[in-house]
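Subject: Structure for you to look at

Hello,

Here is the structure I said I would pass on. Please open it beside this email, and then read the notes below.

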Amino acid sequence: MDHHHTFEVSGAHVSRLEDYRLITGTGCYASDWNLPEQVHACFLRADRAHAKIVKVDVAAARKAKGVLGVYTGEDAVKAGYVKPMSFLTFEGKGGMKARLPSRAALANDKVRFVGDMVAMVVAETALQAQDALELIEVEYEDLPAVISPEEAVSGKAPQLHDDVPDNLVFEQEAGDAAAVEAAFARAAHVTKLKLDCTRVIPHPMEPRACLVAHDAANDGYTLHVPVQGINMMKMQLSAYTGVPQEKLRIMAREVGGGFGQRSIAYPEYAAAMIAAKALKRPIKWISTRSESFMSDSHGRAAYITGELALDKDGKFLAMRIDWIADLGAYLHPAGPVSPMRNPVVCLTGVYKIPALCGRWRVVLTNAGPVSAYRGAARPEMAYTIERLVDEAAAQMKIDPAELRRRNFIPPEAFPYKTPTGSTYDIADFPAVLKKALEKSDAQGFEKRRAASQKKGKLRGLGFATVIENSGAGMFPKDEILLEVAADGNLTAYSVSHSQGQGHETTFAQIIGDALGIKAERIKLRQAVNEKPLMGNHTGGSRTIVGAGTVCHLAAKKLIEVATPLAAEMLGVEPSQVAYANGEFQSKESSKKVSLGDIAAKKLLSATGEGKFGSTFPNGCHVAEIEIDPETGVTDLQSYVTVDDCGTVINHTIVEGQMHGAVAQGWGQIFGENAVYDSETGQLMTGSFMDYAMPKAGWINDMKIYDHATFGTISPLGVKGMGESGCTASLGALANAMMNALRPEGVAPMNMPYTALKVWQALSAAKKGK
Amino acid sequence: MYAFQYHKAKSLKDATDRLGKDDEARPLAGGMTLLPTIKQRLARPTCLVDIGGIAELAGIESQGGVLTIGAGTRHAEVAASGAVKEAIPALASLASNIGDPQVRNRGTLGGSVANNDPAADYPSAVLALNAKVITNKREITADDFFQGLFATALEPGELIVKIAFPMPNKAAYAKFPHPASGYAMAGVFIADTGPGVRVAVTGAGASGVYRWREAEEALGKSAKVDAIAKLAVAADDLNEDMHGTREYRAQLVKVMAGRAAAALAGK
């Protein structure tokens with residue numbers, strides 16, 4: 001196969017079928033659901049980071065107007081909702097078993113972070129519940145808090161959970177430490193960096209909410225919650241509560257942003273289950289934004305030391321990393337897995353590095369729980385490698401593009417088995433880099449830098465060449481069910497759930513393409529409990545690879561299933577029937593029957609299925625920035641992306657994904673940062689007054705290109721691309737910043753590059769000169 | 001939020017009568033500060049007296065060298081007003097950069113000035129332009145009006161009706177927005193009022209908006225932009241938070257003042 005082929009896909013820019021509904025306010029989000037007799041819950045949250053609960057006096061709250069019930073840790077214990085919310089089955093260093101702390105749905109012995117839930121009030125109205133909340137008196141015995149993960153495992157820190165000694169949940173090693181040691185010993189140059197990937201708070205526009213009803217007839221529950229897929233939610237909730245999966249119905253229509261944060265079965269949902277059963281009324285809860293800041297899962301929080309060894313010609317000899325993952329006060333389901341699994345798969349990045357090793361420690365602190373966030377440790381890994389490579393290039397005075405070229409895994413080496421055991425199927429890194437440098441006019445940069453200098457500004461250009469693992473998934477297979485109606489229109493059913501990715505459009509395009517009919521005739525229904533299907537949730541950029549590919553297979557199967565039925569109606573042998581564009585035609589006569597004609601007579605449906613391994617989307621992003629040294633403010637001048645996500649189904653959706661993910665990377669590099677007071681454990685960035693979300697006007701003029709190699713895992717050649725914008729942008733933007741700051745004498749900095757920090761670094765460098 | 005009563009005032013008198021009867025009642029203009037405070041249960045007014053539709057608080061008028069703007073005028077109206085753009089373009093420009101479009105379409109001049117948030121934009125314009133704050137009871141000069149963080153000369157039951165801005169020869173405003181909230185971390189309004197130059201700084205001072213006398217003197221003597229560059233800004237009296245140390249705010253005050261001075265000089 002020609003590796004340098006760029007695919008042109010028909011229907012390259014297609015407007016999204018769901019957009020009319022979403023932008024005209026006719027969507028239905030979690031808080032839009034209502035049920036007869038519903039009542040309202042609200043939560044009393046800890047105002048301190050670490051304390052023993054001595055007494056919770058709810059007597060006055062119980063008597064307050066409209067109050068139907070007040071629940072505390074005792075009720076959680078009674079219900080048995082106290083299990084660890086996470087699982088980790090593999091063994092760590094020296095056969096270490098993960099120490100998984102239990103978490104009561106409502107805290108029963110201690111509170112461990114600001115926002116931990118102490119009690120839940122249920123009342124006829126939300127206002128009454130809030131009023132009653134203020135009548136609850138909690139007696140605490142304060143304990144010292146630990147916020148820094150490095151301190152948490154120092155042996156001198158306060159213990160969060162009795163059964164997690166030294167606050168260390170898990171320790172893992174990967175790679176060949178002895179080979180790395182030997183390589184470092186003979187290296188001509190070593191670059192070492194401390195790279196903190198800050199704790200951030202993802203903010204889907206839709207706040208978290210739930211509406212939970214108990215069905216006394218079968219002792220089952222219906223939950224209306226934001227999800228990324230119903231199977232994952234059922235599995236987690238069932239594991240935590242002991243309610244069998246078949247007795248859980250998960251309802252969702254629109255989900256206003258997920259980013260990993262909406263894949264979690266949160267304890268609020270379990271607490272609402274307790275009240276729904278006890279009161280025989282549906283329980284509704286809508287999170288405030290302040291609660292979101294405290295209690296929705298946080299992201300990143302990786303504290304990494306990286307070392308790269310090179311020979312005198314700049315050939316990479318070895319890389320070693322030490323990674324501390326701060327998971328906060330409790331484990332969320334995917335929390336401990338992603339910072340360990342994903343970085344190992346892509347530890348070598350896009351480079352041939354003969355020797356690799358890493359050490360991971362998963363650590364608890366008195367801060368909000370951390371879980372997978374768009375990229376789930378792939379951005380942290382790629383950021384580490386790309387900062388090391390860029391810094392090494394600067395130290396060795398080698399052009400950063402040239403240093404990368406010298407070390408790329410060459411196109412002819414694919415499929416490439418990496419030193420940590422994964423296999424990259426196909427990629428063309430030199431071509432991707434070349435195109436990115438051309439499209440960003442990297443050659444003309446020095447001229448632009450000089451022009452900026454004339455204006456008193458500092459200009460920088462930086463890039464990152466990255467790879468990430470996508471696809472795969474923990475369910476045994478992905479399934480899509482297709483049903484044909486008598487009018488020839490189709491309904492597709494999936495368990496994965498869009499949170500903005502545009503599945504209704506992409507899936508319809510794939511099915512329409514396979515059947516030769518218009519995408520508008522295919523309706524996607526997500527989160528349908530009545531059609532039990534196997535499949536993964538939407539996360540890890542896997543949906544196009546799994547469910548998307550299965551859409552294609554289901555359509556092919558539908559033709560297969562319909563062919564004998566068509567033959568029968570046409571009165572010929574199945575071999576004498578040809579399918580095209582929604583119709584079967586007899587090769588013997590000109591007679592035709594459509595899919596709708598068949599469906600009018602017989603139930604016509606097909607289920608496609610498939611299981612797919614890891615795919616490897618990759619790309620190069622080039623950022624150009626200008627810094628105002630008087631204020632430290634950075635202005636993004638241009639941003640160019642060249643990505644290889646395999647076949648592109650819909651360029652509009654790919655571009656939208658890139659816009660959003662790069663904005664999230666930009667946010668983290670320049671301002672987003674969850675700050676806790678290191679002494680008290682109070683969340684200092686608890687609102688948008690202090691938490692710097694990126695604003696739309698700050699990022700403009702992004703130029704998005706692709707350079708595809710046809711992925712081998714899916715017959716469609718797709719690789720996934722929902723997260724690649726995060727994975728590439730952290731390194732590209734940070735490298736651009738250091739490219740501008742390095743000539744001023746600024747030493748490598750940690751993100752975020754806020755105006756304050758940049759100004760301080762420049763001032764310090766000036767004084768040092 | 002706690003339960004409260006709502007009263008839509010028909011006139012200025014209706015509003016002041018209602019506020020006079022109840023110490024815990026609060027006037028509601030655009031609600032851009034009050035409503036979030038109420039929603040977080042940080043304020044518990046018994047009654048919100050909505051002064052949004054009162055005719056006496058509306059209107060923009062330019063006459064005899066004075067631009068008078070009704071207290072109920074929304075930021076977006078000030079930003080778009082031909083009369084404001086002609087009389088004091090810097091004021092229109094200031095209004096166009098407050099908050100976001102939603103805030104500009106709700107927030108009012110009177111609300112902002114009465115609240116005297118130390119990081120709000122308008123107080124710097126009122127102070128630098130030597131405006132008169134006209135209430136239902138009296139006229140208060142800008143120098144007397146602002147009295148520290150969220151504190152003003154307004155007495156209980158006193159409402160701002162309009163603000164009269166003497167038209168300057170020239171004026172300019174430069175603002176460094178807070179990276180998260182968009183409020184001013186340092187906003188400097190410079191007005192060449194004829195008799196002299198007035199410089200007001202918002203966002204940076206530990207006690208709210210203040211006049212920067214050294215800058216006034218320097219700019220009064222020399223119209224040159226580098227008049228500011230030679231000044232030292234003392235960091236001691238400035239605000240500090242995680243987004244800006246005192247030293248950083250001192251730098252920002254100086255840089256913003258320099259930029260406003262440059263704009264004033266037409267550079």
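I begin with a pair of helices in chain A. Helix α15 (residues 503-515) of chain A and α16(A) have axes that come within 8 Å and cross at roughly 30°. The two count as roughly parallel because angles under 35 degrees are put in that class. The crossing of α15(A) with α16(A) is right-handed. On the α15(A) side, the contact is made by A:Thr506, A:Phe507, A:Ile510, A:Ile511, A:Ala514 and A:Leu515. On the α16(A) side, the residues are A:Ile544, A:Gly548, A:Cys551, A:His552, A:Ala555 and A:Lys556. Sorted by class, this contact holds eight nonpolar, three polar and one charged residues.

Please keep in mind throughout that this is a predicted model.

A second pair in chain A is α18 with α19. Helix α18 (residues 651-670) of chain A packs on helix α19 (residues 724-741) of chain A at an angle of about 40°, and their axes are 8 Å apart. α18(A) and α19(A) are therefore oblique to each other. Their crossing is right-handed. Residues of α18(A) in the contact include A:Gln657, A:Met658, A:Gly660 and A:Trp666. From α19(A) come A:Ser724, A:Gly725, A:Cys726, A:Ser729, A:Leu730, A:Leu733 and A:Ala734. The contact of α18(A) with α19(A) has nine nonpolar, eight polar and no charged residues.

The axes of helix α11 (residues 378-396) of chain A and helix α12 (residues 400-407) of chain A come within 9 Å, crossing at roughly 115°. This crossing, too, is described as right-handed. α11(A) brings A:Val389, A:Asp390, A:Ala392 and A:Ala393 to the contact, while α12(A) brings A:Pro400, A:Leu403 and A:Arg404. By class, there are five nonpolar, no polar and two charged residues in the contact of α11(A) with α12(A).

Next comes the nonpolar core. Which residues have the most contacts inside the largest nonpolar core? They are A:Val121 and B:Ile190, in a core of 330 residues. The largest share of this core, 13 residues, comes from helix α16 (residues 544-570) of chain A. Leaving out neighbours within four places in sequence, B:Ile190 is in contact with B:Ala128, B:Ala171, B:Ala172, B:Val197, B:Val199, B:Leu219, B:Ala260, B:Ala261 and B:Leu264.

Is A:Leu133 buried or exposed? A:Leu133 counts as buried, because it has 22 C-beta neighbours inside 10 Å and the cut-off is 20 or more. A:Leu133 lies in helix α4 (residues 126-133) of chain A. A:Leu133 and A:Ala60 are 73 residues apart in sequence, yet their C-alpha atoms are 9.6 Å apart in space.

Last is the contact between the chains. Chain A gives 15 residues to the contact and chain B gives 13 residues. On the side of chain A that touches chain B, the largest share, three residues, comes from helix α20 (residues 755-768) of chain A. That side of chain A has ten nonpolar, three polar and two charged residues.

Regards

Notes: Residues numbered from 1 in each chain as written. Chains lettered and ligands numbered in written order. Predicted model: local features only at pLDDT ≥ 70, side-chain atom pairs only at ≥ 80, totals over all residues. Contact = placed C-beta atoms within 7 Å. Helix = DSSP H or I, 4+ residues; strand = E, 2+ residues; numbered from the N terminus. Nonpolar A, V, L, I, M, F, W, Y, C, P; charged D, E, K, R; others polar. Core = buried A, V, L, I, M, F, W, Y, C linked by C-beta atoms within 7 Å. Buried ≥ 20, exposed ≤ 12 C-beta atoms within 10 Å, placed from the backbone. Axes fitted to C-alpha atoms, helices over the stretch in contact; angles between N-to-C directions. Parallel < 35°, antiparallel > 145°, perpendicular 65-115°, else oblique. Left-handed = near helix turned anticlockwise from the far one by under 90°.
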